Amino acid sequence: MKVNITVGSSGHINGYLNIDPITGSDDQEGDAVKCDVRNLDGLVMDSQCHEIIAENVLDYLTVTDAAAALSNWTKKLRHKGKIIVGGTDAYEASKQFSQGVISLSQYNYIVHGSMDSPWEVKLSHNTVSSLESSLRFLGVKILKKRINGLSMVIEGERP
């Protein structure tokens with residue numbers, strides 16, 4: 001099983017169980033399933049997933065909820081299963097703002113989200129090193145990490 005967790009319909013992938021708290025449907029008949037992304041226990045059994053993608057989800061969770069979600073997601077991975085997570089790198093956003101590369105309004109959008117709905121408000125921030133530390137603490141072997149502009153992505157594997 002492959003799982004793709006998103007916030008908003010822009011990232012749904014064919015061949016994956018798409019989970020989206022905004023545009024998903026409650027009955028699993030739509031393009032995505034609507035559920036609490038912090039806990040996948042009702043949809044996915046432990047050690048069932050070959051891959052979990054959640055590239056822009058953690059920013060929308062509190063620090064405590066993000067840690068709980070990462071723990072829950074890694075339990076869903078099979079041995080040698082991959083997890084791909086990311087979001088906005090707080091260090092890069094702050095650096096670009098302080099250097100005048102991005103405006104105050106752009107910075108506010110990057111840091112706080114669109115705030116159009118409860119799920120579109122950013123509640124926490126990470127750096128690539130803090131996210132890497134969290135994944136290593138959960139026993140994930142880091143395969144790749146990259147920053148592109150303000151976005152960071154880390155790919156890891158459950159040993």
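**How do α2 and α3 lie relative to each other?**

The structure you see is a predicted model, where local features need pLDDT of at least 70, side-chain atom pairs count only at pLDDT 80 or more, and totals for chains, interfaces and linings use all residues. Residues are numbered from 1 along each chain as its sequence is written, and side-chain values use heavy atoms, with hydrogens and water left out.

The axes of helix α2 (residues 90-98) and helix α3 (residues 104-112) come within 10 Å and cross at roughly 170°. Axes here are lines fitted to C-alpha atoms, for helices over the stretch in contact, and angles run from 0 to 180 degrees between N-to-C directions. Angles over 145 degrees count as roughly antiparallel, so α2 and α3 are roughly antiparallel to each other. Helices (H or I, at least four residues) and strands (E, at least two) are DSSP runs, numbered from the N terminus.

In the contact (heavy atoms within 4.5 Å), A93, S94 and F97 of α2 meet L104, Y107 and I110 of α3. These contact residues divide into five nonpolar, one polar and no charged. Ala, Val, Leu, Ile, Met, Phe, Trp, Tyr, Cys and Pro count as nonpolar, Asp, Glu, Lys and Arg as charged, and the others, Gly among them, as polar.

## A six-stranded sheet

Now for the strands: six of them form an open, mixed sheet in the order β2-β1-β3-β4-β6-β5. Two strands pair if DSSP finds at least two bridges between them. At the edges are β2 (17-19) and β5 (141-148), each pairing on one side only.

Strand β5 runs antiparallel to β6 (residues 151-157), and seven bridges join them. Look for I147 opposite M152 and R146 opposite V153. The two strands form a hairpin with two residues between them, and G149 in the turn has a positive phi of about 65°.

## A pocket to explore

The second largest pocket has a volume of about 160 Å³. On a 1 Å grid over the protein atoms alone, a pocket is an open set of points where a 1.4 Å probe fits, with protein on both sides within 12 Å along at least five of seven lines; lining residues have an atom within 4 Å of a point. The volume is the space filled by probe spheres set on the points.

Helix α1 (63-76) and helix α4 (128-137) each supply at least two lining residues, with α1 giving the most, four. The lining includes L58, V63, H125 and F137, and its residues divide into eight nonpolar, four polar and no charged.

Technical notes: Parallel < 35°, antiparallel > 145°, perpendicular 65-115°, else oblique.
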